[in-house]
Amino acid sequence: MAAAKDWDVERYEAGHSYVWTFGRGVIEWLKPQAGERILDAGCGAGPLSAEIASSGATVLGVDSAPAMIAQARLNYPKARYPNLEFALADLTSFSATDSFDAVFSNAALHWVRPPELAAQRLAAALRPGGRFVAEFGGKGNVARVQAALGEHRYPWFFPSIAEYCAILEGVGLEPVQAILFDRPTQVESLEDWLQMYLPGLTALVRASVVEQLKPDLFANGVWTLDYRRLRIQARKRI
């Protein structure tokens with residue numbers, strides 16, 4: 001993840017594995033190759049960084065959450081994963097010491113504001129002709145949750161294809177393909193989901209959101225949230 005906050009890693013790894021399970025489809029767009037240098041922007045605890053590194057690519061995973069980077073280093077020690085490193089970094093101020101063949105990001109960029117600055121820093125990390133492959137929350141993502149929150153603020157940036165393509169073009173990245181699609185996502189507990197992703201909410205507000213949404217989103221013992229994802233690929237102009 002890449003939010004400007006730390007994370008409850010134990011809760012995240014125990015109940016939110018769908019984040020990186022779905023992210024494997026984004027790696028199919030990335031098509032990592034042996035010998036490439038790849039940046040995983042918002043790597044969380046590192047499972048997708050490790051999958052990318054298994055291709056033979058050299059991978060640097062960065063995240064702004066100290067707990068996530070600490071867990072990633074425990075999960076994937078350098079001694080066992082010599083072509084995989086992790087570093088603490090804010091995507092709005094990240095500065096690469098060397099250029100990358102590709103930037104990859106899964107379920108992270110909707111946390112980062114301003115998005116234009118993050119795109120600028122990621123574009124700067126790419127070599128000319130390098131590719132950018134990302135997936136994150138798109139326009140309409142968890143719209144039911146947002147509506148139930150009412151006046152309570154939420155931290156996310158969920159753009160349309162046109163909005164995000166304009167951001168990429170503004171930093172010298174040419175969009176190649178993009179899709180915005182529904183991905184209904186099952187979670188065991190909306191209460192847990194709210195505590196994980198909106199920890200600033202009071203127990204009273206969480207209870208209100210759960211009560212509002214239960215008639216429509218809870219069935220057969222599980223919650224199904226109205227996720228929508230934006231998956232996009234671009235190349236840095238030469």
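This is a predicted model: local features need pLDDT of at least 70, side-chain atom pairs count only at pLDDT 80 or more; totals for chains, interfaces and linings use all residues.

Guide: Three of them form an open sheet, ordered β7-β9-β8, and the pairing is antiparallel.

Visitor: Which strands stand at the edges?

Guide: An edge strand has a single partner, so one of its sides is left without a neighbour in the sheet; here that applies to β7 (185-187) and β8 (218-219).

Visitor: How many bridges join β8 to β9?

Guide: Two bridges join β8 to β9 (residues 222-225), and these strands run antiparallel. Alanine 219 stands opposite valine 222 in β9.

Visitor: Now the empty space. How is it found?

Guide: A probe the size of a water molecule is rolled over the atoms, and this shows where empty space is left. In this structure there are three cavities of 30 Å³ or more.

Visitor: Which residues are closest to the centre of the largest cavity?

Guide: The largest cavity holds about 210 Å³ of space. It is lined by 20 residues, and Val19, Ala107, His110, Tyr227 and Arg229 are the closest to its centre. Two or more lining residues come from each of α2 and α8 (190-197), and α2 gives the most, with four. By type, the lining divides into 12 nonpolar, five polar and three charged residues.

Visitor: What lines the second largest cavity?

Guide: This cavity holds about 120 Å³. Its lining has 14 residues, and Trp20, Gly42, Cys43, Gly44 and Leu48 lie nearest the centre. The elements that give two or more residues to this lining are α2, α3 (47-53) and β4 (100-106); α3 gives the most, with three. Nine of the lining residues are nonpolar, four are polar and one is charged.

Visitor: What is leucine 190 in contact with, leaving aside its neighbours within four places in sequence?

Guide: With those neighbours left aside, leucine 190 is in contact with Val209, Val210, Leu213, Trp223 and Leu225.

Methods:
Residues are numbered from 1 along each chain as its sequence is written. Side-chain values use heavy atoms; hydrogens and water are left out. Contact means heavy atoms within 4.5 Å. On a 1 Å grid over the protein atoms alone, a cavity is a set of points where a 1.4 Å probe fits but cannot get out, and a pocket is an open set with protein on both sides within 12 Å along at least five of seven lines; lining residues have an atom within 4 Å of a point. Grid points are joined across faces, edges and corners, and a volume is the space filled by probe spheres set on the points. Ala, Val, Leu, Ile, Met, Phe, Trp, Tyr, Cys and Pro count as nonpolar, Asp, Glu, Lys and Arg as charged, and the others, Gly among them, as polar. Two strands pair if DSSP finds at least two bridges between them.
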